[in-house]
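User: I am new to this structure and would like to learn how to read its features. Please take them one at a time.

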Amino acid sequence: MTTATAPRLSIGVLGPMEVRADGEPLAMTSGRLRAVLAGLAAAGGAPVSTDRLADIVWGERQPGNARRTLNTYISRIRAQVGYDRIVTGPSAVRLDIDADEVDALRFERLLDQASAAAGADAEHALLREAIGLWRGTPFADVESRLLEETEAPRLAERHLAALERRIDLDLDAGRTDRLLGELRHLTSCYPLRESLWARLLHALQRCGRSAEALAGYEAIRRRLADELGADPGPELQLLHRELLSGRAPEPIARRPRPAAGPVPRQLPIDLDRFSGRTAELRELADLADPDADRTSKLAVVTGMAGVGKTALTVRFAHEAAPRFPDGQLYADLAGFGPRPPVAPVDVVRRFLAALARTPAQIPDDPDAAAALYRSLTADKRLLVVLDNAADLDQVRPLLPGGDACFTVVTSRDRLSGLVAATGARRIAVAPVGPAAARAIVADRLSEASVADEPEALDVLVQRCSGLPLALAVVAARAATTSYLRLADLAAELEKEPEGLRGLELEDDALDIRAVFSWSYRALDTDAAVVFRRLGTLPGAEFTPEAAAALAGVPRHQALAALRRLVRAHMATEHSGGRFALHDLLCSYAVELAAEHDADDVRAAALARLCDHYLYTAHGGDALLDPQRDPIDLPERPAAIAVVHLPDRDAAEDWFSRERSSLVDMVRTAVDARLDERAWRLAWAMVTHLDLGHHPHDWVLTQRLAAQAAARSGTLRELALSRRLLGRALTRLHRFGDAAAQLLAALDHYAAEPEPAGEAITHINLGWLYETQGDFRSALGHNRAALERFTAAGHDIGRSRAYNALGWDLAQLGEFTEARELCERALDLQRRSDDRRGQAESLDSLGHIHRATGDLAGAVAYYRRARSEYEAIGDRYNEADAAAVLGDVHAEAGDLDQARPCYEQALQLLEALGHPDAAGVADRLDRLADPDR
C-alpha cells in the first residue's frame, strides 16, 4: 500500500507512456528512464531484480557500468515520484504502487473480472471499461526491446480478444448496425485475423446483406491464399457453407463461454541474477515457437548438479509465458536429492486441480487420472515444466496431450529413454567458461576489488569448476567479507579438502563440496545450526517458524540466521516469507548433520518440527470448526514456535499454503515412528481438507494416521482415524471401502467404548447410505447415533442427528415428523452457536417447505442457509443453496429473483471448477429462452 504522504500516481503504458502525480503530468524525457519506470510499474508493487531491470533497459548489450547507471535512473525517478515510493534492496527495486494506478494492470484485472462475470450485461460493461483504457501500442515510446517483444504483444492479444468478446455480446444483443464500421476497420488493420472476418460476416448476414458476406469471404480466402498459401480455417469454412445454403449461421450466443476461473501460473519466481546461456535460451525459444515447424513438443535439459538447469529453464519459461495463454504448470519432481521423489500421480492430481477439476472429478486410479489430464490438455496452449526428473517413468504420465503444449524436463540423467520414446530435443547444459564464470562473480563484487586482484579472482573461479551454484556461493562469501582481500579468500578456499562423499557429483565438479565447506565454516553458530537442521525438512519450502522449531531457537533468531544464509547464497527466499534450499545444499546439510549431530539430536529436531505443525494446525482447526470435538493434546512445550492465526481467514490461508508440507510431515512422522504426533496432525488437517475439497490428501493422511494409531495408540484412537478415513472415502464415492472402514471403527468402539465416537461413526454411515439414495438404511444408523449422543449428553451431536433423521424422513415423504425434528435440531444449534449445524438444518427445512408447497417459507429458509454457509466458508454448499433458491423462485414464477441466485451459484461453482456449474448455466439459459 502507498504511504499517506506519497503523491497519487497514475502510470499509463497502453500507448505512449503517461505519468502523473496527483493529477499533474511528470516529464520522463529519456526512453531508458521510461523503461526503468515501466518495468517497475508492470510489477504492480512487487520487487524487480536489478538484473531484470538491466535486461529491460539494455537487453543483451549491457554496458559495463549497468548497475551504476541504473542507480542514477532510479534516483531520478525517486526525485519525481517521491522518495517513499521507491524501495531499494541489495539486489532488487520496488515501486510502491497500487495495481489500479497502472493502466495495464487495471486493464488485465478488468478482463479477468469480465471472464468470471455472471451475466452478459456485467461482462459487457467490464469489457468496455477495459477497452476504454487502450490508447495504442503498449510501451510505444519506451526504449526496451524486451517489453516490445514480450509484454506488448501479450497485451495486444488480450486487447483483440476482449474486442472480439465484446463484439460477440453486441451481436447477441442485436446491436448489429453500429458494428459494421468497426469491424471493417479492424479487418483492415488485421487483414489475416480470421476471427475478426468471421464476426464481420456474421454482422453482414444479420443485417440482411448476405451477398456482401459472401463477397467478404471470397476476399479473405484470396488474401490467405496469396499471402500464406493457406485456405480459411474451419470456422470461416463452416460459415461459408451456411451462407451458401441460405441457413442462418449459428448465433454467437450458442458458442461456449470462455472458461471462467484462474489460469494456472505455477512458475517459480525468476532469479534475481541471471546471465549468459544465450544459445540455450534461444534454442528453447525456437523449440517453443508455435509458428515454427517443430518436430517435438518436448525439450530435455540435462547436465550435472549445480550447473544451472533450473535457473535456465525458469528464465526461459518466464520469457515464453505470453506464448501460452492457457497457463503454465510447474512441478519439482525431486528426482535427485535427500527427499523421496514425488509420485507422478500426486503431480497429475495437482495439475488437474490447477485446471479446475474438483476432487470428485479426479479418478483415484493413476492411469485414469493421467488419461483425464491428457484429455484436458489436448486443446490447450500450455507450458509445462517438469523439474529435477529421475527417469522416464516419472515423466511419462505428466506429458500433456495437446499439440500446442510445450514441455521442458530437467534432469541430471540424460533421459535417453524419454528422448527415444518422444523424439524430444536434448539440450545439454555445460559448466560456464572462465570468462562467464568471472563475470558471475564480478557482478556481485566492487569494480575495484575485481580490477586490483585478477589472479585471486581466477583462483576463486577455478575452484568452482564452472558451476553457477558454486560461483554464487563464492561471490556471496566474497561480497560479505569486505574486510578480507580476494587473495585471502582464495587462500582460504585452497586449503579446503576435496572429496564429495554423499553429494555424488561428477568428477569434474569435485571442488563444489570444498566451496560449500568453505562457506559453511564462515557461518556463525546460529546460522550453521539452522543450516544443518534444514536437511531434516520433509518438504521443499519452509517458514521461519519451521526453521526455529528445527533449531530449537526463537523465531526471530531463526529468521536472522535464514537471512544470513540467503546472503551467503546457501538458501533462497521465496514469495510469502518462505525459504528453500537447492537440492545439492540440502544434501550437504544432511551430510553435515550426520557428521556433527548425534542421532538423538536429529530425532529431537524432527519431533520439534512435527510439534510446530501439530500445534499450529490444531489451533487453526479450532477456528475453522469451533464445534468439533477436540482431541487430547499434551501441553505445548514453550520452545515450540507456532504461527499465530488470529481468525478464520488466517487459518484458511495458512492451511492452503502449508497443505503439501503438512502431508509430507505426516508421512515423515510415521516413517520416524512419531506415531502419536502423526495421527494427531492428520486429525487436525481434516476440516481444511474437507472444506477445501482435497479428499485424496485426506485419504492418504488418514491411512497413515491409522497405521500410526494401530502401532502405538489405543483402539479409540484407531477407531477415530478409521472413521475419518471412511468419511474421506465416501467423499470419493468409494462406498465399499468407506463402509469397511466405518464398520471396523464400530468394532473398535465395541471393544473400547466411547459413545460419542460411536455415534459419529453411525452418522457417517448414515451419510454414506444417503449418498447412495438408501434412506431407509440411513435412517437406522441416524437413530442409533441419536441414542448414543443422548446417552453421552452430547447436545451438538444430538442436534446433528435430529437433522439427519429429519432429512431422511423428508426423502421418504414423512414431512410432518421431518419438520419437527429439523426445527428441534435448529433450536439446539442456535443455543450452542453451531453455525454449520444451523446451515444444514435450515437447508433441510427449506427442502421440507418446498416439498409441501410453502414456497415463501422455502425461500426464507434457503436464504438463511446460504448466509450461514457463506459465513463458515463452505463455498460449495453456499452455491448449492443459491441454486436451489433460484429453483424455488422460478417455481413461484418470480424469474427476476431467480436469475441473480443462479448467477451467484454459477460464479461460485465456476470458481471451484465444479461440474454442477453446467447445470446451473443451463437453468440460466432457460430463463432467457423458455422455449429451449
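User: What should I know about the model before starting?

Analyst: This is a predicted model, in which local features need pLDDT of at least 70, side-chain atom pairs count only at pLDDT 80 or more, and totals for chains, interfaces and linings use all residues. Residues are numbered from 1 along each chain as its sequence is written, and side-chain values use heavy atoms, with hydrogens and water left out.

User: How many helices and strands does the protein have?

Analyst: Helices (H or I, at least four residues) and strands (E, at least two) are DSSP runs, numbered from the N terminus. Here the secondary structure comes to 42 helices and 14 strands.

User: What share of the residues is buried?

Analyst: Buried means under 20% relative accessible area, exposed means over 50%, and partly exposed lies in between, with a 1.4 Å probe and protein chains only. Of the 932 residues in the protein, 52% are buried.

User: What part of the contacts comes from residues 24 or more positions apart?

Analyst: A contact means heavy atoms within 4.5 Å. Among contacts with a separation of 6 or more, 67% are between residues 24 or more positions apart.

User: How do I read a pair of helices, and at what angle do helix 33 and helix 34 cross?

Analyst: Axes are lines fitted to C-alpha atoms, for helices over the stretch in contact, and angles run from 0 to 180 degrees between N-to-C directions. Angles under 35 degrees count as roughly parallel, over 145 as roughly antiparallel, 65 to 115 as roughly perpendicular, and the rest as oblique. Helix 33 (residues 735–751) and helix 34 (residues 755–771) have axes that come within 10 Å and cross at roughly 160°. That makes helix 33 roughly antiparallel to helix 34.

User: Is that crossing left-handed or right-handed?

Analyst: A crossing is left-handed if the near helix is turned anticlockwise from the far one by less than a right angle, and right-handed if clockwise. Helix 33 and helix 34 make a left-handed crossing.

User: Which residues of helix 33 and helix 34 meet?

Analyst: From helix 33 come F735, A738, A739, L742, L743, A745, L746 and Y749, and from helix 34 come G757, E758, T761, H762, N764, L765, L768 and T771. The residues of this contact divide into ten nonpolar, five polar and one charged. For these classes, Ala, Val, Leu, Ile, Met, Phe, Trp, Tyr, Cys and Pro count as nonpolar, Asp, Glu, Lys and Arg as charged, and the others, Gly among them, as polar.

User: How do helix 23 and helix 24 pack?

Analyst: The axes of helix 23 (residues 525–534) and helix 24 (residues 544–551) are 9 Å apart, at an angle of about 100°. That makes helix 23 roughly perpendicular to helix 24. V529, V530, R533 and L534 of helix 23 make the contact with A547, L550 and A551 of helix 24. By class, this contact has six nonpolar, no polar and one charged residues.

User: Turning to strands, which way do strand 8 and strand 9 pair?

Analyst: Two strands pair if DSSP finds at least two bridges between them. Strand 8 (residues 328–332) pairs with strand 9 in the parallel sense over five bridges, and L383 in strand 9 is the bridge partner of Q328. Strand 9 is also joined to strand 10 (residues 406–411) by four bridges, and these two run parallel. There V385 stands opposite V408 in strand 10.

User: How many residues of strand 9 are buried?

Analyst: Strand 9 (residues 383–387) has five of its five residues buried. L383, V385 and D387 point one way, V384 and L386 the other way, and all are buried.

User: What is the order of the open sheet of three strands?

Analyst: The order is 4-6-5, with antiparallel pairing. Strand 4 (48–49) and strand 5 (86–88) are the edge strands, each pairing on one side only. Strand 4 and strand 6 (residues 92–95) run antiparallel and are joined by two bridges; A92 in strand 6 is the bridge partner of S49. Helix 3 (residues 66–81) lies across strand 5 and strand 6, running at about 145° to strand 5.

User: Where is D22, and what is its phi?

Analyst: D22 is in the loop between strand 2 (18–21) and strand 3 (24–25). Its phi is near 50°, a positive value in a residue other than glycine. D22 is exposed, with a relative accessible area of 53%.
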